[in-house]
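Open the model in your viewer and keep the sequence panel beside it.

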Amino acid sequence: MKLIIEKDYQSMSRVAANLLLGKMYSQGRVNLAITAGATPKGMYDILIPEVKGRDYLSNVHFYNFDEIPIRGSKLGVTMQHLTDLFFEPAAVPKENIHELNETNWQEQDQRLAEAGGLDLILMGIGADGHFCGNLPGTTHFGDGTSRVDVDEEMQNLLTEEVGGDKTKVPDFYVTMGPRSVMQARQLVLFANGAKKAAIIKQAFFGPVTETVPSSVMQLHPNLTVILDEEAAAEILPLLD
């Protein structure tokens, strides 16, 4: 594991952007799976002017690694967020965006294999240790891309994600499972803020266990973890 600790959120975002750009500059087709949410916003703000209008980046293809369908909407939560945060402002060509959704999830692993596999997946981590849509008790380490049923507790959590209208909340979502994620050539996980400090220690300096799904990444041969000082607070004493 390569561990990068930066002073603050802006510095951390710059490192993540530079890492992605470096991968984009590779020759041949480049396949990236990227994350939505609050953590990557600063990174996308840095990336957008570096990507927009750059014809020499036409070799870069983008994938989403999970999706929460919204009833009555063409795009799910993840793709809508990625479109707003990055794809649209960076003018990424539609033919370079490969959507995972509720209709094609069973084909995702084969589709990725035929495209040459993922070169890099950029992910965040939940306070419960989840990554992508792999929450504790939903998937197993050996699972590929999966459909996950949504229980009542999760429906309540997802109501905010779909704009507060519970009638739009799906009864399932889809996600690349741990086995699918671990097949990528490089994993990059980033996190910021004191609220992530405890789970960072548990996930990357504790036992590998399905009760902390992200802990499986300890077994990946090419894992990079990017943190700000607040998120790294509980592991700093272990590094002395």
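Keep in mind that this is a predicted model.

Stop 1

Stop 2: The background is simple helix geometry. An α-helix has 3.6 residues a turn, so residues three or four places apart point the same way. Then step just past the end of the helix to Gly163, where phi is positive, at about 90 degrees.

**Stop 3: the largest pocket.** Display the pocket surface. The volume of the largest pocket is about 1,000 Å³. Its lining counts 35 residues, and those closest to the centre are Gly37, Asp66, His130, Cys132 and Glu161. Next, colour by element. Strand E4 (66–67), helix H3 (77–87), H5 and E8 each give two or more residues to this lining. Which element gives the most to the lining? H5 does, with five residues.

**Stop 4: helix H3.** Select residues 77–87, the span of H3. How many of the 11 residues of H3 are buried? Eight are, so H3 is largely enclosed by the rest of the structure. Pick them out: Val77, Thr78, Met79, Leu82, Thr83, Leu85, Phe86 and Phe87. Around them, show strand E2 (30–34), helix H2 (41–51), strand E3 (60–64), E4, E5 and H5, against which the buried residues of H3 pack.

**Stop 5: the sheet.** Switch to cartoon and select the strands. Seven of them form an open sheet with parallel pairing, in the order E1-E10-E9-E6-E2-E3-E5. Go to the edges, E1 (2–6) and E5 (97–98): each has a single partner strand, so one side of each is left without a neighbour in the sheet. Move along to E6 (residues 120–123) and E9 (residues 187–191), a parallel pair joined over three bridges. Zoom in on Met123, which stands opposite Leu189 in E9.

**Stop 6: two glycines in one loop.** Follow the chain out of E6. Gly133 lies in the loop between E6 and E7, and Gly137 lies in the loop between E6 and strand E7 (146–149). Buried or exposed: which is Gly133? Gly133 has a relative accessible area of 4%, under the 20% cut-off, so it is buried. Gly137 reaches 81% relative accessibility, over the 50% cut-off, so it counts as exposed.

Draw two distances, C-alpha to C-alpha. Gly133 to Thr175 is 5.2 Å in space, across 42 residues of sequence. Gly137 to Glu161 is 21 Å in space, across 24 residues of sequence. Finally, show what touches Gly133. Beyond its neighbours within four places in sequence, Gly133 is in contact with Asp66, Thr138, Tyr173 and Thr175. One of these, Asp66, was already on screen at the pocket, among the residues closest to its centre.

Technical notes. Residues are numbered from 1 along each chain as its sequence is written. This is a predicted model: local features need pLDDT of at least 70, side-chain atom pairs count only at pLDDT 80 or more; totals for chains, interfaces and linings use all residues. Side-chain values use heavy atoms; hydrogens and water are left out. Helices (H or I, at least four residues) and strands (E, at least two) are DSSP runs, numbered from the N terminus. On a 1 Å grid over the protein atoms alone, a cavity is a set of points where a 1.4 Å probe fits but cannot get out, and a pocket is an open set with protein on both sides within 12 Å along at least five of seven lines; lining residues have an atom within 4 Å of a point. Grid points are joined across faces, edges and corners, and a volume is the space filled by probe spheres set on the points. Two strands pair if DSSP finds at least two bridges between them. Buried means under 20% relative accessible area, exposed over 50%, partly exposed in between (1.4 Å probe, protein chains only). Contact means heavy atoms within 4.5 Å.
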